[in-house]
Amino acid sequence: MKIIINAIPPSLNKFAGRKNYWEYRKVKEQWKELVYYTCKQQKYETMNNAIVTVTYYFPTRARHDPDNNIKFLMDGLVAAGVILDDSFDCIELRLRGGYDKVNPRTEIEVESEKQRS
């Protein structure tokens, strides 16, 4: 299964400190719903053991931390029922970064651990 979102989740650094807690919750919920509804447009079965590969295509070549916003995406995959759980018992997570000035986006590929063999 491949999910393409024409945006990149904001860095968690934006929400550092307690004064941004409600903004963080709001953005987290928006991204969870975005991933959820994007997934629901496709047919799939819930995967108990999955390999999740997230590739961010940034509009600039600036430095980016790979783990800075994965929570928003994983919660959406769980809510949609694509993966059973986002714990290490259920997923192998791969993070990648690329550059695309014209079409920045987030691509999420989810495959069953069985397909990997």
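Reader: Is C39 buried or exposed?

Author: This model is predicted. C39 has a relative accessibility of 0%, so C39 counts as buried.

Reader: How many disulfides does the structure contain?

Author: The test is whether two cysteine sulfur atoms lie within 2.5 Å. The count here is zero disulfides. C39 is in none, and the nearest cysteine sulfur, that of C90, is 16 Å away.

Reader: Which residues touch the most other members of the largest nonpolar core?

Author: The general idea is that nonpolar side chains in soluble globular proteins tend to be buried together. In this structure the largest nonpolar core has 25 residues, and those that touch the most other members are V52, L73, L77, I83, I108 and V110. At least two core residues come from each of β1 (2–5), α1 (21–40), β2 (50–58), α2 (70–80) and β4 (105–112). With six residues, α2 gives the most.

Reader: What does V52 touch, apart from residues up to four places away in sequence?

Author: V52 lies in strand β2 and counts as buried, because its relative accessibility is 0%. Apart from those sequence neighbours, V52 touches M74, L77, I83, I91, E92, L93, R94, I108, E109 and V110. D67 is 15 residues from V52 along the chain, and the C-alpha atoms of the two are separated by 13 Å.

Reader: Which residues is L73 in contact with, leaving aside neighbours within four places in sequence?

Author: L73 is in contact with P9, W31, V35, V54, Y56, T106 and I108.

Reader: Is D75 buried or exposed?

Author: D75, in helix α2, has a relative accessible area of 14%, so D75 is buried. Beyond four places in sequence, D75 is in contact with K28, K32 and D86.

Reader: How many bridges join β2 to β4, and how many join β1 to β4?

Author: Eight bridges join β2 to β4, and these strands run antiparallel. One of the facing pairs is T53 opposite E109 in β4. Four bridges join β1 to β4, again antiparallel, and I3 has I108 in β4 as its bridge partner. Strand β4 is mostly covered, with six of its eight residues buried.

Reader: How many aromatic pairs are found in the whole structure?

Author: A pair of aromatic rings is described by the distance of the centres and the angle of the planes. A search of the whole structure finds three aromatic pairs. One of them is formed by Y24 and F72, which are tilted, at 5.8 Å centre to centre with 40° between the planes. This pair links distant parts of the chain: Y24 is in helix α1 and F72 in helix α2, 48 residues apart. F72 is buried, because its relative accessible area is 0%.

Reader: Why is the pair of Y56 and F58 tilted?

Author: The ring centres of Y56 and F58 are 5.8 Å apart and the planes are at 35°, so the pair is tilted. Both Y56 and F58 are buried.

Reader: Where does the charged end of R105 sit?

Author: The charged end of R105 sits over the ring of Y57, 4.0 Å from the centre of that ring.

Methods. Residues numbered from 1 in each chain as written. Predicted model: local features only at pLDDT ≥ 70, side-chain atom pairs only at ≥ 80, totals over all residues. Heavy atoms only, no water. Core = buried A, V, L, I, M, F, W, Y, C linked by side-chain atoms within 4.5 Å. Buried < 20%, exposed > 50% of the residue type's maximum accessible area, 1.4 Å probe, protein only. Contact = heavy atoms within 4.5 Å. Pairing = 2+ DSSP bridges. Phe/Tyr/Trp six-rings, centres within 6.5 Å; stacked < 30°, edge-to-face > 60°. Lys NZ or Arg CZ within 6 Å of the ring centre and 35° of its normal.
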